[in-house]
Amino acid sequence: MSLDEVVGRLRSGMTLGIGGWGSRRKPMALVRALLRSEITDLTVVSYGGPDIGLLAAAGRISTLVTPFVTLDSIPLEPHYRAARERGAFALTELDEAMFMWGLHAAANRLPFLPVRAGLGSDVLRVNPGLRTVTSPYADGEEFVAVPALRMDAALVHLNRADRLGNGQYLGPDPYFDDLFCEAADTAYVSCEQIVGTAELSKAAGPQSLLVSRHSVTGVVETPGGAHFTSCVPDYGRDEAFQKLYATTPWPEFAQRFLSGANEHDYQRAVAAWQEEQR
C-alpha cells in the first residue's frame with residue numbers, strides 16, 4: 001500500500017493505536033499522511049512521543065490514552081503539553097504496566113485483565129472509571145481490572161517487512177508493536193524496506209519476528225518513515241531536528257515542514273534545513 005491508501009482506510013472518530021515508544025521508531029510518515037487528511041476527533045492509544053505532539057498541535061485528538069508523552073532526550077513533549085494545558089482533549093493516564101496489560105487484554109479479546117500495577121497510587125484517583133476485582137480463590141487478593149485497549153486501527157513502523165505482512169525489528173526493543181497490531185481490528189506496518197520472506201530469517205533470530213501477517217492489514221515501504229525518531233540500526237534519532245521541532249512555534253514548523261503534498265516534500269524540506277546548518 002501507499003501512505004495515502006492507508007489513510008484512506010481511516011476515518012474521523014475512530015480509536016487509533018500508534019506503536020513505538022517515546023521518540024523511538026514511531027510511524028511518523030503515516031502520522032504526517034494523517035495530518036494531510038481531514039481526519040479528526042480521534043481517540044489515540046500510544047506510548048506517546050512526537051506522534052502525539054503533532055496530532056495534538058493540529059487539533060486531531062479528542063481523547064488520549066497514554067502512560068506518558070516524551071521526546072526521550074527532551075523529557076516532556078512541548079506541543080502535547082501546550083495542547084493539554086489549554087484543555088484541547090480528554091486524557092486517560094495509565095501506569096506503563098497497566099497500559100501494557102490493557103494491550104494484552106485486547107490482543108486476547110478479553111474485557112480486562114487483573115493487575116497489581118496502580119494499586120496504592122493516584123492512577124485510580126485520576127481515573128475514577130477504573131474498577132478493582134477480588135480474586136475468587138482463597139487468597140482473596142484485590143487487583144486493578146485494567147480494561148482492554150481495543151482499537152479500530154493501529155499504525156507501527158519496523159525495519160523490515162515482507163509483502164505478506166510479516167514485520168521485523170532489528171533494534172533493541174519491539175516496543176509492543178506486535179500487541180498494537182493484535183489489539184486492533186486493522187493494522188498497518190510502514191517499514192524501511194520490503195524484502196522477501198526468506199530474507200527476514202537471515203537478518204536476526206525469531207524473536208525479531210513478533211509482528212505476523214495474521215494481524216497485519218497492509219504494508220508500506222517508506223525509507224526514513226520514522227524520522228525524526230530513531231529506527232536503530234538504520235538510523236538514530238535526529239536530535240538537531242527534534243530540538244528544532246520542540247522549540248519552534250507550531251504554525252511556523254507546520255508551514256515549513258508539513259504543508260507539502262506528500263512525504264517526499266517533507267523529506268526535501270528537512271534536507272534543505274539540514275543543508276542550511278552546514
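Where is the place of proline 233? Proline 233 sits in the loop between β11 and α9, and the notes below start from there.

Before you dig in: this is a predicted model, in which local features need pLDDT of at least 70, side-chain atom pairs count only at pLDDT 80 or more, and totals for chains, interfaces and linings use all residues. Residues are numbered from 1 along each chain as its sequence is written, and side-chain values use heavy atoms, with hydrogens and water left out.

1. Helices (H or I, at least four residues) and strands (E, at least two) are DSSP runs, numbered from the N terminus. The loop between β11 (218-221) and α9 holds phenylalanine 228, and a cis peptide bond with omega of about 10° links histidine 227 to phenylalanine 228. Please look at valine 232 and proline 233 too: they are joined by a cis peptide bond, with omega of about 5°.

2. **The buried side of α4.** Here, buried means under 20% relative accessible area, exposed over 50%, and partly exposed in between (1.4 Å probe, protein chains only). Helix α4 (residues 78-85) has His79, Tyr80 and Ala83 buried. They lie on the same side of α4, because they cover an arc of only 100° around the axis, taken from the directions from the helix axis to the C-beta atoms. As a reminder, an α-helix has 3.6 residues a turn, so residues three or four places apart point the same way.

3. **What α4 packs against.** The partners of its buried residues are α3 (50-57), β3 (61-66), β4 (90-93), α9 (239-247) and α10 (250-257). From the α9 side, the buried residues are Phe241, Gln242, Leu244, Tyr245 and Ala246, and their cover includes α3, α4, α10 and α11 (263-276).

4. **Tyrosine 80.** This α4 residue counts as buried because its relative accessibility is 11%. Leaving aside residues up to four places away in sequence, tyrosine 80 touches Ile52, Gly53, Ala56, Leu64, Val69, Phe89 and Leu91, where contact means heavy atoms within 4.5 Å.

5. **The two ends of α4.** At the start, a side-chain oxygen of glutamate 77 comes to within 2.8 Å of the backbone nitrogen of histidine 79. Just after the helix, glycine 87 adopts a positive phi of about 70°.

6. **Positive phi without glycine.** Arginine 25, in the loop between β1 (15-18) and α2 (28-35), has a positive phi of about 45° although it is not a glycine. Arginine 25 is buried, at a relative accessible area of 3%. Aspartate 72, in the loop between β3 and α4, is not a glycine either, yet has a positive phi of about 70°; at 23% relative accessibility, aspartate 72 is partly exposed.

Key:
Polar contact = N/O pair within 3.5 Å; in protein donor to acceptor, adjacent residues only side chain to side chain.
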